[in-house]
Amino acid sequence: MSLGKPLGFSELLDTLLTSGPGSFIIIIIIIIPFYRAVELSVRCCSPARRGPAEGRLASSHTPLILGTAEAAALERELLEDYRFGRQQLVELCGHASAVAVAKVFPLPALSRKQRTVLVVCGPEQNGAVGLVCARHLRVFEYEPTIFYPTRSLDLLHRDLTTQCEKMDIPFLSYLPTEVQLINDAYRLVVDAVLGPGVEPCEVGGPCIRTLATLKLLSIPLVSLDIPSGWDAETGGGETEDGLRPDVLVSLTAPKRCAGRFSGRHHFVAGRFVPDDVRRKFALRLPGYTGTDCVVAL
């Protein structure tokens with residue numbers, strides 16, 4: 001057997017077979033297992049030989065963006081199978097939204113005059129989340145003011161409104177049309193006007209006029225779940241009727257339109273979603289740190 005050139009597996013096998021009976025034992029016990037192990041290692045490490053499953057695993061950290069149907073199905077799963085209450089989900093999302101605001105605009109970095117936050121609420125579920133967000137901002141020692149142009153008759157909205165009033169959070173009777181007055185009075189605005197599947201024409205003229213004013217502001221804008229005026233699937237409306245927020249807080253998981261978000265900060269508020277539900281809907285999101293209820297994307 002020449003030592004000048006490495007032998008392949010078949011060459012080494014032929015050489016040992018002609019070397020006498022004792023070589024047969026070496027083949028069975030040492031040589032064959034060794035070469036098979038080497039061959040398996042080469043196959044696993046070679047990029048050209050990766051199978052489809054390995055390709056999916058490599059991309060498993062890409063966040064999944066939910067369509068409208070998937071988002072609705074996930075919410076039904078929480079409400080019907082896990083017996084979450086509607087008020088409970090609104091409370092969890094509103095609290096997490098306030099936490100996201102505090103992360104981007106931390107209270108110690110703001111002067112007393114800069115703690116003012118205008119929370120604009122609509123009559124649908126996003127508006128209820130906005131009311132909870134305002135209440136928690138007050139607990140966090142910010143100074144929220146609520147503008148609620150089209151009040152809902154829904155019992156949950158009425159209860160949340162009462163809670164804010166009892167905590168002495170002021171409600172504006174109208175929104176100034178002079179944009180600079182708003183820019184001067186508030187450090188930022190929280191947009192909780194519309195949510196997924198809610199069109200501006202469905203909530204009436206006051207909300208439409210409010211969106212037109214919010215589009216002209218120069219202070220930071222924080223949108224809850226989706227920017228008001230956007231189509232939840234396509235993001236359509238971004239350049240027409242929709243707002244262009246600096247911060248987006250996706251509730252439960254990012255919606256499909258979030259792929260077009262180009263602001264500075266994007267958070268997901270969905271730590272309350274059970275692990276089984278995350279697996280069922282393939283929610284691949286970054287891990288939450290410590291006791292945080294939001295995570296930055």
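Helix 6 and helix 7 cross with a left-handed sense. This is in a predicted model, so please hear everything that follows as computed from that model. The angle between the two helices is about 20°, and their axes are 9 Å apart. Anything under 35 degrees counts as roughly parallel, so helix 6 is roughly parallel to helix 7. On the helix 6 side, the contact is made by Gln125, Gly127, Ala128, Leu131, Val132 and Arg135. Helix 7, which covers residues 155-166, contributes His157, Leu160, Thr161, Gln163 and Cys164.

Helix 6 has another partner, helix 5, residues 86-104. Here the packing angle is about 55°, with the axes 7 Å apart. That angle makes helix 5 oblique to helix 6. The crossing of this pair is right-handed. From helix 5, the residues that meet helix 6 are Arg86, Val90, Glu91, Cys93, Gly94, His95, Ser97, Ala98 and Val101. They face Gln125, Ala128, Val129, Val132, Cys133, Arg135, His136 and Leu137 in helix 6.

Now helix 6 itself. How many of its residues are buried? The count is 12 of 15, so by the cut-off of under 20% relative accessible area the helix is mostly covered. The buried ones run from Asn126 through Gly127, Ala128, Val129, Gly130, Leu131, Val132, Cys133, Ala134, Arg135 and His136 to Leu137.

After helix 6 comes glutamate 141, with a positive phi near 75°. Most residues other than glycine have a negative phi. Glutamate 141 sits in the loop between helix 6 and strand 2, residues 143-147. With a relative accessible area of 52%, glutamate 141 is exposed, because the cut-off for that is over 50%.

Aspartate 225 also has a positive phi, near 75°. Its loop is the one between strand 5, residues 221-224, and strand 6, residues 247-251. Is aspartate 225 buried or exposed? Its relative accessible area is 8%, so aspartate 225 is buried.

Next, the cysteines. A search of the whole structure finds zero disulfides. Cysteine 207 is in none, and the nearest cysteine sulfur, that of cysteine 121, is 9.8 Å away. For cysteine 164, the closest cysteine sulfur is also in cysteine 121, at 7.5 Å, which is too far for a bond. Cysteine 164 counts as buried because its relative accessibility is 0%. Cysteine 207, at 1%, counts as buried as well.

Leucine 211 lies in helix 9, residues 205-214. Its relative accessibility is 5%, so it counts as buried. What does leucine 211 touch, setting aside neighbours within four places in sequence? The contacts are Val193, Leu194, Ser228 and Leu243.

Asparagine 183 is in helix 8, residues 179-185. At 11% relative accessibility, asparagine 183 counts as buried. Leucine 216 is 33 residues from asparagine 183 in sequence, and their C-alpha atoms are 9.8 Å apart. With neighbours within four places left out, asparagine 183 is in contact with Leu217, Ser218 and Ile219.

Last, the chain as a whole. It has 10 helices and eight strands. Of its 297 residues, 44% count as buried. Among contacts between residues at least 6 apart in sequence, 69% join residues at least 24 apart.

Conventions:
Residues are numbered from 1 along each chain as its sequence is written. This is a predicted model: local features need pLDDT of at least 70, side-chain atom pairs count only at pLDDT 80 or more; totals for chains, interfaces and linings use all residues. Side-chain values use heavy atoms; hydrogens and water are left out. Buried means under 20% relative accessible area, exposed over 50%, partly exposed in between (1.4 Å probe, protein chains only). Helices (H or I, at least four residues) and strands (E, at least two) are DSSP runs, numbered from the N terminus. A disulfide is a pair of cysteine sulfur atoms within 2.5 Å. Axes are lines fitted to C-alpha atoms, for helices over the stretch in contact, and angles run from 0 to 180 degrees between N-to-C directions. Angles under 35 degrees count as roughly parallel, over 145 as roughly antiparallel, 65 to 115 as roughly perpendicular and the rest as oblique. A crossing is left-handed if the near helix is turned anticlockwise from the far one by less than a right angle, and right-handed if clockwise. Contact means heavy atoms within 4.5 Å.
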